[in-house]
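Student: Hi! I have a model open and would like to talk through a few spots in it. Can we start with how helices pack?

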Amino acid sequence: MQFHHHGYVSHDPRVLPADGTGIDRPAELPDEMDVLIVGSGPAGMLLAAQMSQYPGLSTRIIERRDGRLVLGQADGIQPRSVETFQAFGFAERIMAEAYNIGWMNFWGPDPENKQNIIRTARTADYAYDICEFPHLIVNQARVLDYFAEAAADGPGRIRPDYGVEFAGLTIHDEGEYPVEVQVRYVAGERAGEERTIRAKYVVGCDGARSGVREAIGRKHVGEMAAHAWGVMDVLVNTDFPDWRTKCAINAEAGNILHIPREGGYLSRMYIDLGEVAAGDNRQVKHTPIEAVIAKANEILHPYSIDVKQVAWHSVYEVGHRITDGFDDVDEDVTRHPRVFLTGDACHTHSAKAGQGMNVSMQDGFNLGWKLGSVLTGRSPQELLSTYGSERHPVAQQLIDFDREWSSLMARKPEEISDPQELATYYLATAEFPSGFMTRYTSSMIIGSEAHQDLATGFPLGKRFKSAEVVRVGDGNVVHLGHHARADGRWRVYAFGDASGAGLNDWAARTAPLFARYTPAAGDVDAVFDVKAIYQQSYEELDVTTAPALFQPKTGPLGLTDWEKVYAAGPSKWTAADIFADRGLSRDGVVVIVRPDQYVAAILPLGAVDELGAFLEGAFLEA
C-alpha cells in the first residue's frame, strides 16, 4: 500500500487522516445531511465505508440495534466479495480467520441400502478456477466489523448512530434537503424521543421488512414456496467423515446442505423439513430445535451428530421476491431519484445459494461511488438513475438462479435420474454464484462494444479481471487490479509497446482531457488513476522514461508516484503475460474501469475523440 505522500506517517497507515466532516464529527445526528443510510447490514456498512472516502459530504448511518451485530445469519462469502474486500483493504485479514471452501462433496442413497447415505462425488470448489480469490465462510458480524472499521478509519470518520430507528419520510419537490425523515430513539437516555431530520438522499438498507420501502410505496413482488428448512449453527461430535467439508446430502429422509464454519469446530446445517401443509399459517416456523436435530440425524444415517451446543437456529420457508423498483422514481416521472433501496429491502431469496450478503454488498458498492460523484459535482444527477437500471436485472437473475438451485436441493431421490446431476450443475453454473456473471449494459457509464475485440479478456460491463504484471519501479510481481482501492477514483489502463510512439502520443493528447474533469485544488490523479502497461519485460524498461501522465507528482510535497508503470513481458519471477492472458491487442488498447471495478470502455490508443465523448457523458467539468 502507498502512504507518506502527504508527509511522514508513523501510525497505522490504514487509518487515514480525518478530513472535512471527519474532523470534529458531531456525536449527535445533525438536522441536515447529504446522505442518510438506514440500516447497518452488509449494504449499509459497505456504503458507509465508501462514503467515508468523500469527507466533504455529511453522511450518517442509523441502526435500530443498540450496538454492533453479534450473531449474523449470513456467512457465505463468494470470490467477488473477497475481491471487493481487497478494494476496501481487509481481504487478507478476513481470509486468515475465515473457513476456505476447498471442496464440495455430494452424498446420496446407498444403492445397497437406501436408508444409508454414501459419498457420490467429490468436487474441487470453483473459486480458484475463476479468479485468484477463495470462496469463504465467515460470520456476517465479522464482515460488518471490517466495513465499520473502514468507515471509521476513512477520512469521513463515519460510525453508526445506534439505537435510532426509521419512522417515516416525506419527499418534497424543492429545497436543498428535500427528503424529510422521521426518526425515533429506541435506546439510551433519549429512548422514545422522536425528531425530524432532512437529507438530500436516503438509502434504505433496512432489510426484508424495510420501512423505507414501505414509505416510498414500493412493493415486494413474488411468493413463498411451500417448503420449509431448518437452519442451525452447531458444535458437535460426529462420525460423519465430511464434517469439515461443504456437502450437499440427498437422502430418502430428506436433504441437507452442510457448510463448515470458521474456527475449526462450528458448522451450519440447512435441514429439509419438507413440504408445508396447506393452512399451516406459518406454524412450521415454531418447529423445536430438538425436532430439527432429529431430522438431521435421520437424513445422515448411518452417521449421526451429537450436538453439544446450538449457537443459533431458525426455521424459514423459501421465498423469492423482488421489489418493483429500486428507487422512488417511476418511469413516467422526470425528476431524479432521492431515495434508494438495497439488499433485502429490494430482493429476498433462500440462503442456500449463498448470495444474499454478497449481492447486497454489490448493491452498496454500485450506489456509493455514484452518490459521491454526484454530490461532489463530478457527475450529473442522471448518474443516479443507473443504479436501479443496473441492479434490478441482477436481482432478477439472482431470483431465477436461486429458484432453480433451491428446487434441485429439495428433490427426492426418486426424482433424480443422474446422481452426478447436482455436482454437474454446481460446477457448470459456478461463475454466477461466484459473483462474476454480472454484466451491465450500455449507458452513460458503459460505452460501446465496437472495440471489444481489442481486449477480449475484459468484457465490457463485467468486472475487471485482474492479472499479474511486474511493477517497473521495483520489479515486484503484483496483481494489476489489486492496486485499485475503493476510493471513488476511475482506473484507466493504457496497454502498449514501449518501442513505439503510441503510448507517448496517447498520454500527451489525453492529459488535457483528464485535467478537464479534475478539480484544480486536488491531486492530478484525484479522479483518474492512469497506469501504463508495456508489452516488454521489466528488465527492458526504465520507469523514468515514461510520460509524465504515468509519473504524476501528488500530495502537498509533490512527490512522484512510482507505482503507475508496469511490464507485461515474462521475467524472472513470473511467466504471466497480461496481453496474452486477457486477449489484448499488441497495437495498444485503453481499458477504462469504474470505481466499482466494472469495465466501462474499451478504446484504441488513437480514439482520443471517442474517449473525450465518453468522459463528457459521464462527468461534469471541474
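Tutor: Happy to. First a definition: axes are lines fitted to C-alpha atoms, for helices over the stretch in contact, and angles run from 0 to 180 degrees between N-to-C directions. Keep in mind that this is a predicted model.

Student: Okay, at what angle do helix 11 and helix 13 pack, and how far apart are their axes?

Tutor: Helix 11 (residues 502-516) and helix 13 (residues 608-618) meet at about 20°, and their axes are 11 Å apart. Angles under 35 degrees count as roughly parallel, so helix 11 and helix 13 are roughly parallel to each other. The crossing of helix 11 past helix 13 is right-handed.

Student: And which residues make that contact?

Tutor: From helix 11 you have Trp-506, Arg-509, Thr-510, Leu-513 and Phe-514, and from helix 13 Val-608, Leu-611, Gly-612 and Leu-615.

Student: Which non-glycine residues have a positive phi, say of about 50°?

Tutor: Asp-24 is one of them, with phi at about 50°, and Arg-157 is another, also at about 50°. Asp-24 sits in the segment before strand 1, while Arg-157 is in the loop between helix 5 and strand 8.

Student: Is Arg-157 buried or exposed? And what about Asp-24, buried or exposed?

Tutor: Arg-157 counts as buried, at 16% relative accessibility. Asp-24 is exposed, with a relative accessible area of 71%.

Student: Speaking of arginines, where is Arg-268?

Tutor: Arg-268 is in strand 15 (residues 267-275). Its relative accessibility is 0%, so Arg-268 counts as buried.

Student: What does its side chain make a polar contact with?

Tutor: The partner of Arg-268 is the side chain of Asp-233, at 2.7 Å. Leaving aside residues up to four places away in sequence, Arg-268 touches a list of residues including Gly-72, Asp-75, His-258 and Trp-312.

Student: Last one: which peptide bond is cis?

Tutor: Look at the bond from His-301 to Pro-302, which is cis with omega near 15°. Pro-302 lies in the loop between helix 7 (289-300) and strand 16 (305-323).

Technical notes. Residues are numbered from 1 along each chain as its sequence is written. This is a predicted model: local features need pLDDT of at least 70, side-chain atom pairs count only at pLDDT 80 or more; totals for chains, interfaces and linings use all residues. Side-chain values use heavy atoms; hydrogens and water are left out. Helices (H or I, at least four residues) and strands (E, at least two) are DSSP runs, numbered from the N terminus. Buried means under 20% relative accessible area, exposed over 50%, partly exposed in between (1.4 Å probe, protein chains only). A polar contact is a pair of N or O atoms within 3.5 Å; within protein, one must be able to donate a hydrogen and the other to accept it, and residues adjacent in sequence count only if both atoms are side-chain atoms. Contact means heavy atoms within 4.5 Å. Angles under 35 degrees count as roughly parallel, over 145 as roughly antiparallel, 65 to 115 as roughly perpendicular and the rest as oblique. A crossing is left-handed if the near helix is turned anticlockwise from the far one by less than a right angle, and right-handed if clockwise.
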